[in-house]
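I opened a new structure today and kept short notes. Here is what I looked up.

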Amino acid sequence: MGRVAVITGASRGIDAPTALVLAEQGFRVVVNYRSSAEQADEVVRAATAAGGEAVAIRADVTAPDDVAGMFEETERRWGRVDVLVHNALIPDDVTSFADLSWEQLGGKLDRELHAAFLVTKAVVPGMISRNYGRLVYLTTVLSRRPTAILAWLR
C-alpha cells in the first residue's frame, strides 16, 4: 500500500503540482480545498491520469470540525496519514501596507497559525504511533507581496 499524503489548499497554486508529483511517486493523495471544487476535481483527474490515486475533500482548515472530518474521511478511505503538506492560503483583506492595521495582520497570522495547529494536531498522534510521518509547511510569494497578487487572484 502506498503512503498517504494530505495536501491542504491543493486545488491550485503550488500545492496542485505538489499533489501531482506525489501521486506520480505512488502516494495516495488527498486534494484538500475550501471553495474550488472544480479545480480540485481537475487535480484529482490529473493525478489519476498520471497513475496515482487521489480524492478531493472539502474542508476549511480554520474550522476544527472540517479538519476532523477531512482526516476521518482520509483514515476511513486509506487507513492513515503519512505526510501532511500544509500550504492553504487563508483569505485576508486586500489592502496596501500603508492602510494595513495591526489587527488585520495579527488576525491573518492568528488564522494561519491556528490552521497549521489544527491540521498538525490531527495527524501527529497517528504518526507517532506508527513511528513514521512527515510534516511539510509551505508558503508562497503571497506572503511577501500580498496586495498585487491577491488583488489579481480575487
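Predicted model: local features only at pLDDT ≥ 70, side-chain atom pairs only at ≥ 80, totals over all residues.

Which residues does T74 touch, not counting residues up to four places away in sequence? I listed the contacts of T74 as V4, V6, V30, I57, G79, R80 and V81. I then placed T74 itself, in helix α3, residues 64-78. T74 counts as buried, because its relative accessibility is 1% and the cut-off for buried is under 20%.

Next I turned to strand β4, residues 83-86. V83 and V85 point one way from the strand, while L84 and H86 point the other way. I noted that all of them are buried.

Strand β1, residues 4-7, runs parallel to β4, and three bridges join the two. I found I7 with V85 as its bridge partner in β4. Strand β5 also runs parallel to β4, joined to β4 by four bridges. There, V83 stands opposite R134 of β5.

I moved along to the loop between α4 (102-130) and β5, where N131 lies. I read a phi near 55° for N131, a positive value in a residue other than glycine. N131 is exposed, with a relative accessible area of 72%.

I14, V136 and L138 make a nonpolar patch of about 200 Å². I traced V136 to strand β5, residues 134-137. Is V136 buried or partly exposed? I put V136 down as partly exposed, at a relative accessible area of 33%.

Methods:
Residues numbered from 1 in each chain as written. Heavy atoms only, no water. Patch = residues over 30% accessible without salt bridge, like charges linked within 9 Å, V, L, I, M, F, W, Y side chains within 5 Å. Areas by Shrake-Rupley, 256 points an atom, 1.4 Å probe, with all protein chains shown as cover. Salt bridge = Lys/Arg side-chain N within 4 Å of Asp/Glu carboxyl O. Buried < 20%, exposed > 50% of the residue type's maximum accessible area, 1.4 Å probe, protein only. Contact = heavy atoms within 4.5 Å. Pairing = 2+ DSSP bridges.
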